[in-house]
Amino acid sequence: MRMQNPLFEIDLAAICENFRALALATPGATPAGVVKCDAYGLGADAVGRALQQREGCRVFFVAYSEEGAALRNALGGDAEIFVFNGPFPETLSTYRDCKLTPVVNTLEQAALWRAEMSGAPAAIHVDTGMHRLGLPPKDLAKLRSNGTLNVSLIMSHLACASDETHQMNSRQLKLFSEIAGQFPNARKSLSSSGGALIGKEFAFDLTRLGVGMYGVSPLDSGAAPMKPVARLTAPVIAVHEVRAGETVGYGATYAASRDSVLATVSLGYGDGFPRSGSNRAAAYVAGAICPVAGRISMDLIVLDVTSASPPAIGDRAEFFGPNLLIDNAAASCGTIGYELLTAIGGLARPRKGLGARVLRRYLWNGAPDGPEIADAGGHRS
């Protein structure tokens, strides 16, 4: 590991523990791993192998067919891989070659799959109120009248599962139950991580476990704390003093209210940490939570460390992790844990040259993970 770089550490054991906890909430349902967007930025290859080898997970969901192809290469032929965004003419060969199962969202996709991949299994996504993807219920009669599809799964998506009391949940549950009855031979799936926690009646046959597995609470109330999975740290590269009234950073948006000690850290919005955290976010360093002082720059953040034990050059500041939970860190930036993970993780993928600043390292219960899972998934220290 290059000590001057930001470091994105991912504990695969914690992912597996969260997966088990969510699965136990719906014991009658098969838990599936959602690894779209490179497993929310944590590395789909490594996460997929951890779930497959350590938890026996055999069902996965991705967003794009190319994600499915990469996951098939990582997991082998045993896994069932669904593609949320469905088939398009230019992707059919990928579905065929990599044994992927589309989630059909429109009558056009259904017609394409029926014509080009006759008999191959497909999932049907029905829109029960999200109005993002999925067939409207009124199109189901036309779907059946246009010919037979081998429907292996019927699914929908809860719009408000993060709010356990929202009336939308019961309305969608009622409508989905009515629709699912029209497909007696297909598995049923309505819930992601949040839905798996708001009631067993939402579980059906299969739950799609995503953000909760990655250590972000799927509930707005925070009533379902998940074990921290990811830790973002960056090194202190300078320590200096300012007098009361002196300003920090672009725009002079921060003025010291007292004589202060500042630490400059090698991290910024160019590494995926949001600029919206300027004067709002914090980091854990030298035994204390220290606020961001001034605007976040492209590759530098200044912390007010006056209340901490003076940090030394090379000490690492934690921007989220076990000492600063990701949900709290995200809230201080005016965003959500999903966005923090995908933004940081999107710049932590293996690459050469410029842009390889954020290093990714996999752990198992805090120790470097074995090569059978982590080697193909990212940088190793």
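Buried here means under 20% relative accessible area, exposed means over 50%, and partly exposed is in between (1.4 Å probe, protein chains only). The model is predicted: local features need pLDDT of at least 70, side-chain atom pairs count only at pLDDT 80 or more, and totals for chains, interfaces and linings use all residues. Numbering runs from 1 along each chain as its sequence is written, and side-chain values use heavy atoms, with hydrogens and water left out.

**Stop 1: the cysteines**

Select cysteine 98. Its relative accessibility is 17%, so cysteine 98 counts as buried. Now look for a partner. The closest cysteine sulfur belongs to cysteine 57 and sits 18 Å away, too far for a bond. Move to cysteine 333, which is buried at 2% relative accessible area. Cysteine 333 is in no disulfide, and its nearest cysteine sulfur, in cysteine 290, is 16 Å away. How many disulfides does a search of the whole structure find? The count is 0, with a disulfide taken as a pair of cysteine sulfur atoms within 2.5 Å.

**Stop 2: the largest nonpolar core**

Select Phe273, Leu303 and Phe319. Of the 109 residues in the largest nonpolar core, these three touch the most other members. Such a core is a set of buried Ala, Val, Leu, Ile, Met, Phe, Trp, Tyr and Cys residues joined through side-chain atoms within 4.5 Å. Next, colour helix α1 (residues 12–25), which gives the most to this core, with 6 residues. Helices (H or I, at least four residues) and strands (E, at least two) are DSSP runs, numbered from the N terminus.

Centre on phenylalanine 319. Setting aside neighbours within four places in sequence, its contacts include Leu232, Val265, Phe273, Ile301, Leu303 and Leu324. Contact means heavy atoms within 4.5 Å. A second, separate core has 7 residues, among them Val242, Val248, Tyr254 and Ala293.

**Stop 3: serine 260**

Go to strand β13 (residues 260–265), where serine 260 lies. Serine 260 counts as buried, at 3% relative accessibility. Follow its side chain: it reaches the backbone oxygen of arginine 258 at 2.8 Å. That is a polar contact: a pair of N or O atoms within 3.5 Å; within protein, one must be able to donate a hydrogen and the other to accept it, and residues adjacent in sequence count only if both atoms are side-chain atoms. Beyond four places in sequence, serine 260 is in contact with His240, Glu241, Val242, Asp304 and Thr306.

**Stop 4: helix α8**

Select residues 167–180. This is helix α8, with 14 residues. From first C-alpha to last it reaches 20 Å, close to the 20 Å expected at 1.5 Å a residue; the expected span is 1.5 Å times one less than the number of residues. Which residues of α8 are buried? They are Met168, Asn169, Gln172, Leu173, Phe176, Ile179 and Ala180. The buried residues of α8 pack against α7, β7 (150–155), β8 (187–189) and α9 (193–198).

**Stop 5: alanine 44**

Finish at helix α3 (residues 44–55), which holds alanine 44. Alanine 44 is buried, with 12% relative accessible area.
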